[in-house]
Amino acid sequence: MKIAIISGSHRYHSQSLKVAQHIEMTLKDGICDETWLYSLEGNPLPLWDEGVWDGEQQWLDILNPLREQLVSADALVIITPEWHGQVPAGLKNFFLLFGKNELAHKPALIVSVSAGDGGSYPVAELRMSSYKNSRLCYIPEQVIIRHVESVLNAKETDNDSRSDPYIRERLQWSLTILAQYATALQKVRDSGVTETEKFGNGM
Ligand SMILES: Cc1cc2nc3c(=O)[nH]c(=O)nc-3n(C[C@H](O)[C@H](O)[C@H](O)COP(=O)(O)O)c2cc1C
């Protein structure tokens, strides 16, 4: 089983990437065989334009290696910081560039990140607006990591002694559930019922 981890912050040295790396380590510790971590740090993806649909070579060069990774993934973890109460624009752009061909009927766990008490808005935004045409299946579990700077740090003294163990355990549990959904939804894709020429997009 392969699980793709998308770190949605554009910032260098972001907390989202710290969380993503912890998640990758947790997944590799007995939950799945393979991971692929892709970070939006430094905005590696240009903003969508018509050339994507026209199959322009410059877009194919950027997108094809990433498509390959996503197509071979059985499940995803989408990590999003809360930026002004929203999902960062680069992550929304990710959902313009990749859709049903890579993501349809695959389970995804949302992990949101806030330096303070935030983190709910990007969960609501992703659940409302990023799955319709991609048919990505967000599982009911989600993890909101508040006061992120005080958890999941390599140096134990930088961690809050109450919330750090809780977040580690909660992530481990949620990722284990995600892996079970990955096994279950493989059957849905293999059944062939999701293949359709007629209903290309969600309603
Ligand atoms: C442009 C910008 C806007 C932000 N707005 C919010 C916000 O609305 N709510 C919040 O809880 N944190 C906000 N933050 C702080 C983030 O929670 C903080 O940067 C945290 O480390 C997660 O983002 P990161 O993964 O980019 O590090 C904002 C940060 C940036 C860079």
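Visitor: In what order do the elements of the protein chain run from the N terminus on?

Guide: The model is a predicted one. The protein chain holds 7 helices and 5 strands. From the N terminus on, they run β-α-β-α-α-β-α-α-β-α-β-α.

Visitor: How does the radius of gyration of the protein chain stand against the globule rule, and what is the value?

Guide: For 203 residues the globule rule gives 17 Å, and the chain comes close to it, so it is as compact as a globular protein of that length. The C-alpha atoms fill a box of roughly 55 × 35 × 30 Å along the principal axes. The radius of gyration of the chain is 17 Å.

Visitor: Which residues of helix α4 are buried, and where do they lie around the axis?

Guide: An α-helix has 3.6 residues a turn, so residues three or four places apart point the same way. The buried residues of α4, which spans residues 89–97, are Leu91, Phe94 and Phe95. They cover an arc of only 95 degrees around the axis, which puts them on the same side of α4.

Visitor: Which strands do the buried residues of α4 pack against?

Guide: Buried here means that 20 or more other C-beta atoms lie within 10 Å of a residue's own. Such residues of α4 pack against β1 (2–7) and β3 (75–81).

Visitor: What is the handedness of the crossover from β4 to β5?

Guide: Strands β4 (residues 107–113) and β5 (residues 137–145) run parallel and are joined by 6 bridges. In one of them, Ala108 has Tyr138 of β5 as its partner. Between the two strands the chain passes through helix α6 (residues 120–129), and this β-α-β crossover is right-handed.

Methods. Residues are numbered from 1 along each chain as its sequence is written. This is a predicted model: local features need pLDDT of at least 70, side-chain atom pairs count only at pLDDT 80 or more; totals for chains, interfaces and linings use all residues. Helices (H or I, at least four residues) and strands (E, at least two) are DSSP runs, numbered from the N terminus. The radius of gyration is taken over C-alpha atoms; the globule rule is 2.2 Å times the number of residues to the power 0.38. A residue is buried if 20 or more other C-beta atoms lie within 10 Å of its own, exposed if 12 or fewer, and partly exposed in between; C-beta atoms are placed from the backbone. The arc is that of the directions from the helix axis to the C-beta atoms. Two residues are in contact if their C-beta atoms, placed from the backbone, lie within 7 Å. Two strands pair if DSSP finds at least two bridges between them. A crossover is right-handed if, with the strands pointing away from the viewer, the path from the first strand over the helix to the second runs clockwise.
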